[in-house]
Amino acid sequence: MRSFTKKLVSLLTAACICAAGAVPMNASATIVGDVNNDGAVSLLDVTALNKYLLGKVELVSYDAADATGNYVINVVDSLVIQKYVIGTIYSLPYNVVGE
Ligand SMILES: [Ca+2]
């Protein structure tokens with residue numbers, strides 16, 4: 001019986017640790033570059049931002065779209081997100097000198 005209790009405690013502890021790891025610490029945090037707010041940065045975000053720049057849609061989050069971190073949203077942000085997606089930029093926001 002004592003062995004069963006130890007195993008049960010171990011199992012419950014492991015389950016709690018797994019459950020804690022599965023829940024994002026800050027689920028509402030803005031991901032820079034995640035223009036469509038689906039939790040990932042992809043070419044869909046480039047498309048969403050380009051549609052915004054063409055006046056066809058509204059943005060979900062201006063902070064997510066500001067990939068250069070200069071508080072201006074323009075085609076440079078779109079290009080920076082594209083470069084991030086293809087792997088030539090490794091983190092966002094990416095400061096573009098002169099932008
Ligand atoms: Ca996205």
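The model is predicted: local features need pLDDT of at least 70, side-chain atom pairs count only at pLDDT 80 or more, and totals for chains, interfaces and linings use all residues. Residues are numbered from 1 along each chain as its sequence is written. Helices are DSSP runs (H or I, at least four residues), numbered from the N terminus.

**Helix 2 and helix 4**
- The axes of helix 2 (residues 43-53) and helix 4 (residues 75-86) cross at roughly 170 degrees and come within 9 Å; axes are lines fitted to C-alpha atoms over the stretch in contact, with angles from 0 to 180 degrees between N-to-C directions.
- The two helices are therefore roughly antiparallel (angles over 145 degrees).
- Helix 2 contributes L43, D45, V46, L49, N50 and L53 to the contact, and helix 4 contributes V75, D77, S78, I81, Q82 and V85; contact requires C-beta atoms, placed from the backbone, within 7 Å.

**Burial in helix 2**
- D45, V46, A48 and L49 are buried in helix 2 (20 or more other C-beta atoms within 10 Å of a residue's own).
- Helix 3 (62-65) and helix 4 are among what covers these buried residues.
- G55, which follows helix 2, has a positive phi near 80 degrees.

**Nonpolar core**
- The largest nonpolar core has 15 residues, of which L49, A65, A67 and I81 touch the most other members; such a core is a set of buried Ala, Val, Leu, Ile, Met, Phe, Trp, Tyr and Cys residues joined through C-beta atoms within 7 Å.
- Helix 2, helix 3 and helix 4 each give two or more residues to this core.
- Beyond its neighbours within four places in sequence, L49 contacts V35, A65, D77, S78 and I81.

Definitions and conventions:
Parallel < 35°, antiparallel > 145°, perpendicular 65-115°, else oblique. Contact = placed C-beta atoms within 7 Å. Buried ≥ 20, exposed ≤ 12 C-beta atoms within 10 Å, placed from the backbone.
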